[in-house]
Number of protein chains: 2
Amino acid sequence: MSDSAELARVATIDLLGALAYGEITAFERMAQDATMAPTIDDKVALQELAALELAHFQRLRAHLAEMGVDHTEAMDPFKGPLDAFHEATVPKTWLEGLVKAYVGDGIARDFYGEVAQFLDDEPTKELVREVLGDTGHVGFVVDRVTGAIAAEPALAGRLALWARRLVGEALTQTQRAAVERDALIDLVSERGDLAELIGLFKRVTDAHTQRMVTLGLTPN
Amino acid sequence: MSDSAELARVATIDLLGALAYGEITAFERMAQDATMAPTIDDKVALQELAALELAHFQRLRAHLAEMGVDHTEAMDPFKGPLDAFHEATVPKTWLEGLVKAYVGDGIARDFYGEVAQFLDDEPTKELVREVLGDTGHVGFVVDRVTGAIAAEPALAGRLALWARRLVGEALTQTQRAAVERDALIDLVSERGDLAELIGLFKRVTDAHTQRMVTLGLTPN
């Protein structure tokens, strides 16, 4: 295998491993946050989102197995950063949990979706698009958060602060993961020019800002 | 509608409501207990069991909707007893969580399965059989518990005590639910003779004893 092909393979496994462990922790976090729901239907809606993340994990695990890769080994390097992210951002209220689900998953979706474009492997790209694109349930999050802010406008400032903290922690831990596992960064650097990279980060940032506007949280 | 038909309808709704809320709380409990798993694969196995319970809930909710019944109203009478059961039996260890999943679901499955035989409504009976029969994952529970006891025989006594407490709390809360909602009991009394009732409880008890033997926990 050429160095570039080997790099692409390692980067692919890293991407799948990070996504897979992300799905498990997302299940865990959403299932926990669902216990704070004000109604049974709200609880079930977040439980259903959690179950969707687990279904994504199952597909990623199957795909890794097809590649001959042990899913636990692929996930292992990302356990530290992802656990640290969740430990640093435990929601204290139902609404904080919803904002975390929406903002956190949104950034992860955009970022990994962009990075996946640099891979060669078409089935992997297709799978990543699928597990990241399946967002049928997020309408309920937007509905609940905007409804709560309409009823109590002071919430907007507090939740905006919370969202900034989420982004800050996500950046910190992404950086930490990138230092330990640099194949994805190397792949993007090898295959993309600076303008592409700047474009990538701009799109991720713009999409985040748009989500903040959608939630009724002032961007900054 | 005749009195007997009306009783059967109320009993059917109660059965579906109790099962539906049971599935939601089972999801919640198993998702929480999964955080104590010793390995990622064990965690995922219990998360998958939790997701299966949620899928059952979704089918029960759809069936209630087809009957023109609001699922939250159907579940409401069983919220108190089921919440109380779970609050009184929070597992402190991974193994206690597994025993609870196995023993608790087993008794619920046997009991509701027996009661469902007294209903007239064939689609409901079929659905109840399906959501109760889907036990493909419990092999993993038996495997983990018997493995742990083989490695540390002293666990058997502690886990047997825990199982007895689970059964005691389940009986207490079932009795409480039966006092508040007596349609199921009335239906069984109306349609079954004493010998049938005794047979029903004996089968449920025998199946529980058999599960304790399967787990390597001495019956008593």
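**Where the chains meet**

Four salt bridges are found by the rule across the interface of chain A and chain B. In this predicted model, one salt bridge joins the side chains of Arg61(A) and Glu48(B), with 2.8 Å from N to O. The number of residue pairs in polar contact between chain A and chain B is eight.

On the side of chain A that touches chain B, helix 1 (3-33), helix 2 (40-66) and helix 3 (71-88) each supply at least two residues. Helix 2 of chain A gives the most, with 12 residues.

The size of an interface is often expressed as the accessible area lost when the parts come together. Between chain A and chain B, the buried area is about 2000 Å², and carbon and sulfur atoms give 63% of it. Within chain A, the residues that lose the most area to chain B are Glu28(A), Ile40(A) and Gln47(A), which together account for 28% of what that side buries. The contact takes 24 residues from chain A and 24 residues from chain B.

We now turn to a single residue. Arg191(A) belongs to helix 8 (residues 183-191) of chain A. Because its relative accessibility is 27%, Arg191(A) counts as partly exposed. Its side chain makes a polar contact with the side chain of Glu190(A) at 3.4 Å. Beyond four places away in sequence, Arg191(A) touches several residues, among them Ser4(A), Phe118(A) and Asp120(A). Arg203(A) lies 12 residues from Arg191(A) in sequence, and their C-alpha atoms are 18 Å apart in space.

Methods. Residues numbered from 1 in each chain as written. Chains lettered and ligands numbered in written order. Predicted model: local features only at pLDDT ≥ 70, side-chain atom pairs only at ≥ 80, totals over all residues. Heavy atoms only, no water. Helix = DSSP H or I, 4+ residues; strand = E, 2+ residues; numbered from the N terminus. Buried < 20%, exposed > 50% of the residue type's maximum accessible area, 1.4 Å probe, protein only. Contact = heavy atoms within 4.5 Å. Polar contact = N/O pair within 3.5 Å; in protein donor to acceptor, adjacent residues only side chain to side chain. Buried area = accessible area lost by both parts, 1.4 Å probe.
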